[in-house]
Amino acid sequence: MRTFRDFPRWRIAASLLATAAGIAACGGGSSGGGFTFFPPAAETPPAQPPATPETGVVRKWGYITLPDGNRMRYSLLLPNGGKGTFPLLVEYDGYSSGSAPNIGQLWVNEGYAVMGLNVPGTGCSSGEDQVFDASTGAAGAFAVEWAGKQPWSNGRIGMVGYSYSGYNQLWVAAHRPKGLLAITPSKNVTDPYRDVGYPGGIKNIGFPSQWWGGFPATWNRAAALAARLDGDTECAKTVADNIEKIKRPDLDLTKWLENPYADGLYVKRSAFYETGKIDIPALGTQSWQDEQIGPRSGYYEDTMSPDRMWLVSSNGDHHTNVTSDYIDGTLKRFLAHFVKGEDNGFEKEPRVRLLQEMQQTDQKAVNGAAKLKQTAVAEFDRLPVKVKPMRLWMQPGGVLGDAKPSSGAASSDYRYPAKSPVVNNPAAEGWQAVADAEKDGQLTFTTAALPEDLSFYGEGSADLYLSATADNTDLQVTVSEVRPDGKEMFVQRGWLRASKRALDDSRSTELRPFGDFTQPKEAALLPGQPNLVRIEIQKFAHVFRAGSSIRVTVDSPSQTGFWLFGNDKTPSTNTLWHEAANASSIVLGYVPYPHAAALPDCGKTLRQPCRTNVVTVPAGTGPRAPT
């Protein structure tokens, strides 16, 4: 173990990007752009006040031996010259935090000791990389209890981080380790099949394999950090061994993603089966248009006690924890109360916050990206947020209305597959227009201009009565706002492979179609007749202003963020039915909440790009709020 005083804090701040840059990979999206999973680091490190040997940051490192004999590498930062005992925050991931804390280092200035910890079988930690499962949680829980007994710890421990270091917190907390008082699980994957691997039962051939392919480079950087900062040459040997091991079929994520059904390893690696065991306060964050993992998060928050669960949601990307001062401030108050023990009244704050229309500013965050500021904040007492289902019916001629068709045998057709527009590709931001040659490959349904503001929160369901000339087809449903200024703003999407339309009835609701996705339930479409298919619209919140219209578009799955879809390529003419007995519709969760009066800025609102509206809005008066 070696100790360094006055360790340059900006270097670790940059490691949020630089050491995790191994996750970045290049790959062709349908837009022709490449993937960049992390924004570029700022060229100039943030200024820091001068440190002295008495007040600077002390760095320590070492290995924790697990009961099975494997060793987990940790890196530790102590404030105040390392004098005294401190509350501890743990950052636990499979990247490089065991060599140098990434996002965790930002908390040293708040008076916490920070311990970066690598998952077994990743970076400098020996073992087998199970990616995420109960063994990962058990190892983390062991390390938490070990840390609570060290002379620099006061025994009060929390966990920080988002994405990998976010969902690991859930696995650890489910083991209830002694001393762990609070967690901040953010940007989570707790149902890997439905959340990311197979949205709607369609294989995601983009993000998962690109993410997995970046680990060797990330771990080699972890070894280089360990050697440069600590003189640790043992790490490089462990990294080389780990890189070889993840090629094994039982550990290679790309191999177990070849299973197209929601069973086996997907169940073993689904934290939402375990999160009900968590008995400590948790503050999570989610971004509706998260380009990496989406917003679904396995609905883990529904399994937690509402008395111990806080949630902050917003539009935006994967990195709002470090680009939003509002989120950062909420995290600081939460951890100060539950980990430090400060009497700051956080326990009385609303359990649910909705940050609306997060917009980019001219200020820069620590990761080099633009800082974000919301136009309004809505607060709800607790989860679940109570909403009223609002159903809109898809009518002949592209009309979306609140009256169910009463008679007739009307239907609408479109061509499948078609090259549908890409949205939110970080390598080529924006929302593509529909090419003229592809306009017969989509159906749009639009309300007349709304007479009042309509606000929505949470997931939705597109309940389509579908027939097709093929026995299977893949579906994409996009919700957007057609504005009085002639722009169409992206809101959210959902997907489904029609042959996997069977639902788990025990988990499904009017607003949440929970797909079964097992092989015994897979079934071809019945030919020549309407088949009910329910498409889960990913969670979102949005205010459609008076004078705007709600639009629903049905077409072929297309790149959304870093997600690419392995679509069924069988040509088909797909038909949506609008007759009284088989009336296609969409249902969304309406709830009134305070919001800004003006339309949000198309150029600044993060991950909700606009394009020019080219489809005529129906005449008349649109639907009102449900009563």
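Setting aside neighbours within four places in sequence, Val119 is in contact (heavy atoms within 4.5 Å) with Tyr92, Asp93, Gly94, Ser125, Thr136, Tyr164 and Asn168. Before we go on, please note that this is a predicted model, in which local features need pLDDT of at least 70 and side-chain atom pairs count only at pLDDT 80 or more, while totals for chains, interfaces and linings use all residues. Residues are numbered from 1 along each chain as its sequence is written, and side-chain values use heavy atoms, with hydrogens and water left out.

Where does Val119 lie? Val119 is found in the loop between strand E4 (113–118) and helix H2 (134–148); helices (H or I, at least four residues) and strands (E, at least two) are DSSP runs, numbered from the N terminus. With a relative accessibility of 1%, Val119 counts as buried, a word used here for under 20% relative accessible area, with exposed for over 50% and partly exposed in between (1.4 Å probe, protein chains only). Ala139 is 20 residues from Val119 along the chain, and their C-alpha atoms are separated by 7.7 Å.

Helix H7 (residues 234–245) is our next stop. Which residues of H7 are buried? They are Cys235, Thr238, Val239, Asn242, Ile243 and Lys245. These cover an arc of only 160 degrees around the axis, so they sit on the same side of H7; the arc is that of the directions from the helix axis to the C-beta atoms. The buried residues of H7 pack against strand E1 (58–65) and helix H6 (215–230).

The structure holds 41 salt bridges. Glu274 and Lys277 form one of them, at 2.6 Å from N to O; Glu274 is partly exposed at 24%, and Lys277 is partly exposed at 40%. Asp191, Arg194, Asp195, Arg296 and Glu536 are linked in a network of salt bridges.

Finally, let us turn to the strands. Asp463 and Arg391 meet in a salt bridge at 2.9 Å, N to O. Asp463 lies in strand E17 (residues 454–468) and Arg391 in strand E13 (residues 388–395), so the pair ties together parts that are 72 residues apart in sequence. Is Asp463 buried or exposed? Asp463 is buried, with a relative accessible area of 8%, whereas Arg391 is partly exposed at 23%. E17 runs antiparallel to E20, and twelve bridges join the two; strands pair if DSSP finds at least two bridges between them. The bridge partner of Leu454 in E20 is Phe544. Strand E20 (residues 531–544) is mostly covered, with 13 of its 14 residues buried.

Key: Salt bridge = Lys/Arg side-chain N within 4 Å of Asp/Glu carboxyl O.
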